[in-house]
Amino acid sequence: MRTHRSKDVLGTIGLSLLLFVLITYSGCIATKSGIEGTPIEMSDFAPHLDTLKARYDLTETLKTTKMMVIIQEGNQSAEELREMLWYKKASDGGDQLRIQVLGVFDDTKAVAIANQDQFLLAFLDQREVYEGKLSDGILDKIFGIDLRVSDVLSAIFANPFLDGRTDKLKITRSGEKYIITRPGIEDEQTEMITLLVKEDEPKVTEWHITDNNGLMHQSAFFSDYYEVDGILRPHKVEIVRPLEQTRVAVKIAQVQLNLDIKDNKFDFEPFLNEDFIIKSLSETENTDAPE
């Protein structure tokens with residue numbers, strides 16, 4: 001399903017999800033770190049991995065109430081969007097995520113919910129809902145973008161190591177900077193991750209994915225780190241997609257951690273009723289969404 005809905009609704013949510021899902025696109029030559037580091041052993045780097053994981057373990061819920069998204073595509077004027085996000089660890093260890101896109105009067109225009117392995121996308125003005133199993137393929141059909149669901153948590157928590165891929169790391173150090181390389185998820189890809197460590201507090205600052213020809217598939221940058229309830233978090237995320245000449249910058253002005261978020265925030269039921277036209281994503285695989 002490759003939809004052709006106007007950018008203010010479908011395109012908004014599609015690019016919004018890029019804030020939390022790291023993507024794979026080619027289009028330009030990868031830049032080098034420019035750092036000649038000294039190789040170090042995994043045992044010396046492991047404490048920083050433990051600190052990054054602890055930040056995730058200590059975060060049961062997350063809510064952003066003031067989030068500005070700036071999208072720049074090619075030579076077009078930048079577009080600014082306002083959104084809200086809720087995240088919660090489920091009781092069985094799974095993850096729940098909800099994103100709302102707001103209109104000019106703070107009215108909700110669209111809602112995307114990922115609840116464990118299920119996905120729902122609702123367009124409120126059009127009264128249309130798409131629901132089905134959460135997968136990389138489903139998201140590609142909706143947005144026409146190769147979104148990787150597996151990296152959602154890694155992007156939210158600025159931690160590329162949450163997926164456990166730490167057995168083939170090559171690490172060099174130059175002063176306070178650590179450069180980590182490892183094989184990518186896809187064949188013939190390489191990931192390069194930069195950490196800045198001050199006073200034993202690691203900050204992931206860059207995350208690049210390239211292929212074996214040196215072509216950039218993705219660049220993500222994390223900055224404006226400061227503590228929220230004792231947990232260090234970035235408040236600006238920028239994702240660069242060279243092929244589409246697109247930059248997505250996220251600025252978070254207000255984030256709350258470990259507040260009480262009810263499970264019904266991630267329920268599909270309010271959108272699965274006679275007030276909406278409901279489409280199964282599996283049934284609409286080869287069709288366009290109605291205008």
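Predicted model: local features only at pLDDT ≥ 70, side-chain atom pairs only at ≥ 80, totals over all residues.
Visitor: Which residue does Arg82 pair with?
Guide: Arg82 forms a salt bridge with Asp106, and their closest N and O atoms are 2.3 Å apart. The two residues are 24 residues apart and link distant parts of the chain. Arg82 lies in strand S4 (residues 79-89), whereas Asp106 is in the loop between strand S5 (95-102) and strand S6 (108-115).

Visitor: Is Asp106 buried or exposed?
Guide: Asp106 is exposed, with a relative accessible area of 51%. Arg82 counts as partly exposed because its relative accessibility is 28%, which falls between the 20% and 50% cut-offs.

Visitor: And what does Lys109 in strand S6 pair with?
Guide: Lys109 meets Asp125 in a salt bridge, at 2.9 Å from N to O. Asp125 sits in the loop between strand S7 (118-123) and strand S8 (128-133), 16 residues apart from Lys109. Asp125 is exposed at 51% relative accessible area, and Lys109 is partly exposed at 26%.

Visitor: What about Glu191 and Arg182, are they buried or exposed?
Guide: Both Glu191 and Arg182 are buried. They form a salt bridge whose closest N and O atoms are 2.9 Å apart.

Visitor: Which residues make up the network around that pair?
Guide: Salt bridges link Asp163, Arg165, Arg182 and Glu191 in a network.

Visitor: Changing topic: which residues touch the most other members of the largest nonpolar core?
Guide: They are Phe45, Phe161, Ile180, Leu195 and Phe222, in a core of 45 residues.

Visitor: What does Ile180 touch, then?
Guide: Leaving out residues up to four places away in sequence, Ile180 touches several residues, among them Phe45, Phe161 and Leu195. Glu191, from the salt-bridge network, is also one of the residues that Ile180 touches.

Visitor: Which residues belong to the second core?
Guide: The second core is separate and has 14 residues, including Met84, Leu124, Val129 and Phe266.

Visitor: Last topic: where is Pro234?
Guide: Pro234 is in strand S14 (residues 231-241). Pro234 counts as buried because its relative accessibility is 7%, under the 20% cut-off.

Visitor: What is Pro234 in contact with, neighbours within four places aside?
Guide: Its contacts are Ala158, Phe222, Ser223, Asp224 and Tyr225.

Visitor: How many residues apart in sequence are Pro234 and Lys203?
Guide: They are 31 residues apart in sequence, and their C-alpha atoms are 8.3 Å apart in space.

Definitions and conventions. Residues numbered from 1 in each chain as written. Heavy atoms only, no water. Salt bridge = Lys/Arg side-chain N within 4 Å of Asp/Glu carboxyl O. Helix = DSSP H or I, 4+ residues; strand = E, 2+ residues; numbered from the N terminus. Buried < 20%, exposed > 50% of the residue type's maximum accessible area, 1.4 Å probe, protein only. Core = buried A, V, L, I, M, F, W, Y, C linked by side-chain atoms within 4.5 Å. Contact = heavy atoms within 4.5 Å.
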